[in-house]
Amino acid sequence: SGSGLSLHQLGQYHVTNGIGRLTEGIMTKGQGSYVEYDDGKRYLDFTSGIGVTSLGHCHPKVSQAAAEQCLTLVHAQCSIAFHKPYLQLVERLLLMMPHPSLNSFFFWNSGSEAVEAAIKLARVATGRQNIICMQGAYHGRTFGASAVTRSKTIYSEGTFPLMPGVFSIPYPYWHQHGLPPSTPPSELASKSLYQLDLVLAQQTTPRDTAAIIVEPLLGEGGYVPAPPEFLQGLRDVCDKHGIMLIVDEVQSGFARTGKYFMIEHSGVRPDIMVIAKGLANGFPLSGVISRKELTDKLKPGTLGGTYAGNAVSCAAAVAVADAFKQENILTNVQERSRELFAALESLRSDPDVAPYILDVRGRGLMVAIEFTSPNPPGGKLDPFIKPDSPKMMAQRVVKTCVKEGLLILTTSAYEVVRFIPPLNISPEELKKGMDIFTEAVKAVVK
Ligand code: PMP
């Protein structure tokens, strides 16, 4: 009404091109593991809105809790007053933390904002400025968060200079070291830690270094679990020099990897942890968690934000935390994970497909398959695909899956397809998606 344009035309002519989109249609409905579009087409959702709707779309208890909060109090504003769901969420999260020292919370809206707050906290708490991040990392699109993001140039192209004082080391991912996929994780860990020693000796002295920021399972950089000895090595360096270890669990947190937080698999203690995505199953909410004696170094007013820790989002997150327990989500993740890996290994054992698969990896329901393209531009298969080479194989597989009713995403600058389905997905739904994926890969390599 008014513009004379259809909704599709409004999207085409009046929304920025700066957003890349997997599908062109208009999503109208989401229920459990499925979404529906305005043309009536239904898709099985292996994206979970990029790791957000972990309990499936419109989980009844989460939606109910949010609806009730909507009719009670929508907005309290964190600089004006606490609201009940804020504190109820703190109570739930205290019981989920990977280490008891993580006992002080600040909630924001997005992962990027929480990363900004984590950097601010590390700088104020240490009185130092510099940050060390990982090559391949993704921490968000705001200026501080994009300064510590190194997974694709598109995230920063044309926007320099970003926040200064950022240094980087290679993530223990074979691509980042120019090594073959068969390289043992322990070797990758020690190579990355050696680079850390070099950076601290040659580029930023520990006395100037406030924090090391790391995703315990590299997300947008390719779905690579960090070897536990790497994370332990970072902890040791941080302990030795009084550097803060910031662990970004935005994508890997909230049961995604079969434990509440990926860092639990290694037993390493973060100084600061960042959470978002699955926390509120689709309502915007993120958090920064640290030790009370550290967060108390921030003077009142240092942190804030109009919508930070919104009451409806917090009420949804309380319901998410309760549902995780009531519905045995961790067990489902572990069981479905085994089936997902088995399906990928069975695909890899197909002799027609095997030459195009470089790697199958991940943890829980955060899993990836890395391809090398058939008929690449140079004519021969190349395991050392450079970042930004044409992502033929991964993109063709994804396109075929979407055509067949499965929403699925690539990740990283390499040929990687990621599996990030709802954590309460049923065995039947998982099998259905993996069947579509398997057929798509076979069709593409034919
Ligand atoms: N950190 C990680 C590990 C992420 O995966 C993301 C989002 N993909 C972010 C931070 C940024 O979160 P947001 O998009 O909510 O700003």
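This is a predicted model: local features need pLDDT of at least 70, side-chain atom pairs count only at pLDDT 80 or more; totals for chains, interfaces and linings use all residues.
Q: Which residue ranges make up domain 1 of the protein chain?
A: The domain assignment gives the protein chain domain 1 and domain 2. Domain 2 covers 61-326. Domain 1 is written as two ranges, 7-55 + 328-445.

Q: How many residues of domain 2 are in contact with domain 1?
A: The C-alpha centres of domain 1 and domain 2 lie 25 Å apart. On the domain 1 side, 30 residues take part in the contact. On the domain 2 side, the number is 32.

Q: Which strands give two or more residues to the side of domain 1 that touches domain 2?
A: The elements that give two or more residues to this side include the helices α2 (48-51) and α11 (329-348). By class, the residues of this side are 16 nonpolar, ten polar and four charged. The strands in the list of elements are β13 (357-363), β14 (366-371) and β17 (416-419).

Q: Which helix gives the largest share of the shell around the ligand?
A: The ligand is surrounded by 15 residues, and the closest are Ser-110, Gly-111, Ser-112, Val-250 and Gln-251. Five residues of the shell are nonpolar, seven polar and three charged. The largest share is three residues, and these come from helix α5 (residues 111-126).

Q: Which charged residue is part of the contact of α12 with α13?
A: The crossing of these two helices is right-handed. The contact residues divide into nine nonpolar, one polar and one charged. From α13 come Ile-436, Phe-437, Ala-440, Val-441, Ala-443 and Val-444. From α12 come Met-393, Val-397, Thr-400, Cys-401 and, as the charged residue, Arg-396.

Q: Is the crossing of α7 and α8 left-handed or right-handed?
A: The axes of α7 (residues 185-202) and α8 (residues 228-241) come within 9 Å at an angle of roughly 25 degrees, which makes the helices roughly parallel. Ser-186, Ala-189, Ser-192, Leu-193 and Leu-196 of α7 meet Glu-229, Phe-230, Gly-233 and Val-237 of α8. The contact has five nonpolar, three polar and one charged residues. The handedness of the crossing is right-handed.

Q: Does α4 pass α10 in a left-handed or a right-handed crossing?
A: The axes of α4 (residues 84-94) and α10 (residues 311-326) come within 8 Å and cross at roughly 30 degrees, so α4 is roughly parallel to α10. Pro-85, Tyr-86, Gln-88, Leu-89 and Arg-92 of α4 meet residues of α10, among them Ala-311 and Cys-314. The crossing is left-handed.

Q: Which residue is joined to Pro-161 by a cis peptide bond?
A: Pro-161 sits in the loop between α6 (143-147) and β6 (166-170). Omega of the cis bond is about 0 degrees. The partner of Pro-161 in this bond is Phe-160.

Q: Where does Cys-58 lie?
A: Cys-58 is not a glycine, yet its phi is positive, at about 50 degrees. Its place in the chain is the loop between α2 and α3 (60-70).

How values were computed:
Residues are numbered from 1 along each chain as its sequence is written. Domain bounds come from an automatic or database domain assignment. Two residues are in contact if their C-beta atoms, placed from the backbone, lie within 7 Å. Helices (H or I, at least four residues) and strands (E, at least two) are DSSP runs, numbered from the N terminus. A residue is near a molecule or strand if its C-beta atom, placed from the backbone, lies within 6 Å of it. A crossing is left-handed if the near helix is turned anticlockwise from the far one by less than a right angle, and right-handed if clockwise. Axes are lines fitted to C-alpha atoms, for helices over the stretch in contact, and angles run from 0 to 180 degrees between N-to-C directions. Angles under 35 degrees count as roughly parallel, over 145 as roughly antiparallel, 65 to 115 as roughly perpendicular and the rest as oblique.
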